[in-house]
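Hi,

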Amino acid sequence: MRVVLLGPPGAGKGTQAQIIATELAVPAISTGDIFRANVSGQTDLGQQAKSYMDAGDLVPDEITVAMVTGRLAEPDAVDGFLLDGFPRTIAQAEQLRDSLSELGHALDRCLELVVDEDELVRRLSGRRMLVDGEWVQRDDDKPETVRHRLEVYREQTAPLSGFYEQAGLLSRIDAIGEVDEVTARAMRALGRDGDGGSTGVPAAV
Ligand code: ADP
């Protein structure tokens with residue numbers, strides 16, 4: 001299955017991506033994680049991306065698209081993937097559609113995680129990551145940057161919801177609630193019941 005996870009910062013994309021990808025037996029590909037690994041590894045790509053990330057802006061499409069296209073060409077992603085954090089602009093979505101179509105492939109679904117903005121701000125300002133055994137705040141989770149990332153989301157990424165709806169690929173998921181409840185909603189939207197079945201039809205009781 002080829003799935004895109006869409007949703008604002010703080011919607012829980014990273015958490016759900018790991019779980020859903022494991023259920024689907026496909027790799028979870030997070031552009032944010034790949035960029036952060038390149039920043040800490042001080043690669044050329046990391047150096048190009050860092051100033052945009054620190055400001056809460058999007059890394060330019062040319063850089064991001066080239067990185068994702070390379071990643072999707074790796075053997076583990078040939079038969080399926082779950083993308084977290086890409087596409088984030090209409091131009092990225094068009095490039096993804098075109099490069100998949102050149103390979104004779106297409107997306108199966110876009111899952112949009114829906115959370116209201118007050119809840120997002122609360123989640124992001126309290127969020128910490130474990131780095132080398134210590135809980136630290138991501139530089140771009142500081143309150144001013146969070147507000148800017150939400151604006152960037154509204155302006156550049158939210159239109160993807162309409163893009164995928166028109167393509168008949170969109171499922172909107174209420175992403176408030178326990179992690180496993182949200183996963184169950186996502187699996188239902190993918191036509192999987194989460195009990196090992198693949199038909200979306202609940203098992204007889
Ligand atoms: P979040 O979803 O919490 O905002 P991510 O980890 O997905 O965070 O992304 C962190 C940062 O990495 C973004 O603010 C942006 O600078 C950069 N980034 C990630 N994915 C993309 C993308 N598809 N296009 C451009 N920039 C991206």
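The lining of the largest pocket draws at least two residues from each of α1 (13-24), α2 (31-40), α6 (117-126), α7 (143-157) and α9 (179-189). (Helices are DSSP runs of H or I, at least four residues; strands are E, at least two; both are numbered from the N terminus.) A pocket here is an open set of 1 Å grid points, over the protein atoms alone, where a 1.4 Å probe fits, with protein on both sides within 12 Å along at least five of seven lines; lining residues have an atom within 4 Å of a point.

Bear in mind that this is a predicted model: local features need pLDDT of at least 70 and side-chain atom pairs count only at pLDDT 80 or more, while totals for chains, interfaces and linings use all residues. Residues are numbered from 1 along each chain as its sequence is written, and side-chain values use heavy atoms, leaving out hydrogens and water.

Back to that pocket: 42 residues line it, with G10, K13, G14, R127 and R138 nearest its centre. The second largest pocket has 13 lining residues, and R36, V39, M129, R138 and D139 lie nearest its centre. Two or more of its lining residues come from each of α2, α3 and β5 (129-131).

As for L107, what does it touch, leaving aside neighbours within four places in sequence? It is in contact (heavy atoms within 4.5 Å) with R2, V3, V4, F81, L96, L100, Y164 and L169.

Cheers
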